[in-house]
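I opened my notebook to go through this model element by element. Below is what I looked up.

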Amino acid sequence: MFKDAQGPINQFDWAKFVINGQTHSPEHGVGKDIFLSPEGLSAWHEREGHKLKPGMLKRALKLKPEILIIGTGVEGALEIGKKAREAVQTAGALLVAMRTPEACREYNRLFRLGKKVVLLAHGTC
């Protein structure tokens, strides 16, 4: 689905991210839903269901990113709720929502440009 040898996201396939050479999936690493920021990588444990709510964004918005990228899944199943959009706007960040393969590509591009970017990505549907 997505490959980029330069990284930091090297590869994405269904439920599997390779970041800086390390695999993250349900069986390895932080899991299939990721939270990637200038501070590092962790599980996006706040994600529940397929409608994005403000509570799922609190940890990311505390980092005060310029840009918050939401990977909505391979098929785009994660819906961005109105209150979630408002929370991002209130925090002063630009919200970019796209299917996860494209979100990985955009994260890498912005990261290389030196932007303060956070990626929250759903790794399946």
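Is lysine 64 buried or exposed? I found lysine 64 exposed, because its relative accessibility is 63%. The classes I used: buried means under 20% relative accessible area, exposed over 50%, partly exposed in between, with a 1.4 Å probe and protein chains only.

Ground rules next. This is a predicted model, in which local features need pLDDT of at least 70, side-chain atom pairs count only at pLDDT 80 or more, and totals for chains, interfaces and linings use all residues. Residues are numbered from 1 along each chain as its sequence is written, and side-chain values use heavy atoms, with hydrogens and water left out.

I checked phi at lysine 64. Lysine 64 has a positive phi of about 55° and is not a glycine. I placed lysine 64 in the loop between helix H1 (58-62) and strand E8. Helices (H or I, at least four residues) and strands (E, at least two) are DSSP runs, numbered from the N terminus.

Asparagine 20 also turned up. Its phi is positive, about 50°, and asparagine 20 is not a glycine. Asparagine 20 lies in the loop between E3 and strand E4 (22-24). I noted asparagine 20 as exposed, because its relative accessibility is 58%.

Then I looked at omega. The peptide bond from glycine 7 to proline 8 is cis, with omega near 15°. Proline 8 belongs to the loop between E1 and E2. For background: most residues other than glycine have a negative phi, and most peptide bonds are trans.

Alanine 5 is in the loop between strand E1 (2-3) and strand E2 (9-13). Alanine 5 is exposed, because its relative accessible area is 79%.

**Entry: the four-strand sheet**

I traced an open sheet of four strands in the order E1-E2-E3-E4, with antiparallel pairing. E1 and E2 run antiparallel and are joined by two bridges. Phenylalanine 2 has phenylalanine 12 in E2 as its bridge partner. H3 packs on the sheet and touches E1, E2 and E3. The direction of H3 makes about 175° with that of E2; axes are lines fitted to C-alpha atoms, for helices over the stretch in contact, and angles run from 0 to 180 degrees between N-to-C directions.

**Entry: the hairpin**

Strand E5 (residues 33-37) and strand E6 (residues 40-43) run antiparallel, joined by four bridges. A hairpin of two residues connects E5 to E6. Phenylalanine 35 stands opposite serine 42 in E6.

**Entry: cores**

Which residues have the most contacts inside the largest nonpolar core? I listed Ile9, Phe17, Ile34, Leu36, Ile69, Tyr107 and Leu119, in a core of 18 residues. A nonpolar core is a set of buried Ala, Val, Leu, Ile, Met, Phe, Trp, Tyr and Cys residues joined through side-chain atoms within 4.5 Å. H3 gives the largest share of this core, four residues. A second, separate core of 17 residues includes Ile80, Val88, Ala93 and Leu120.

Last, I looked up isoleucine 69. Leaving aside neighbours within four places in sequence, its contacts (heavy atoms within 4.5 Å) include Val96, Ala103, Tyr107, Leu110 and Leu119.

Key
Two strands pair if DSSP finds at least two bridges between them.
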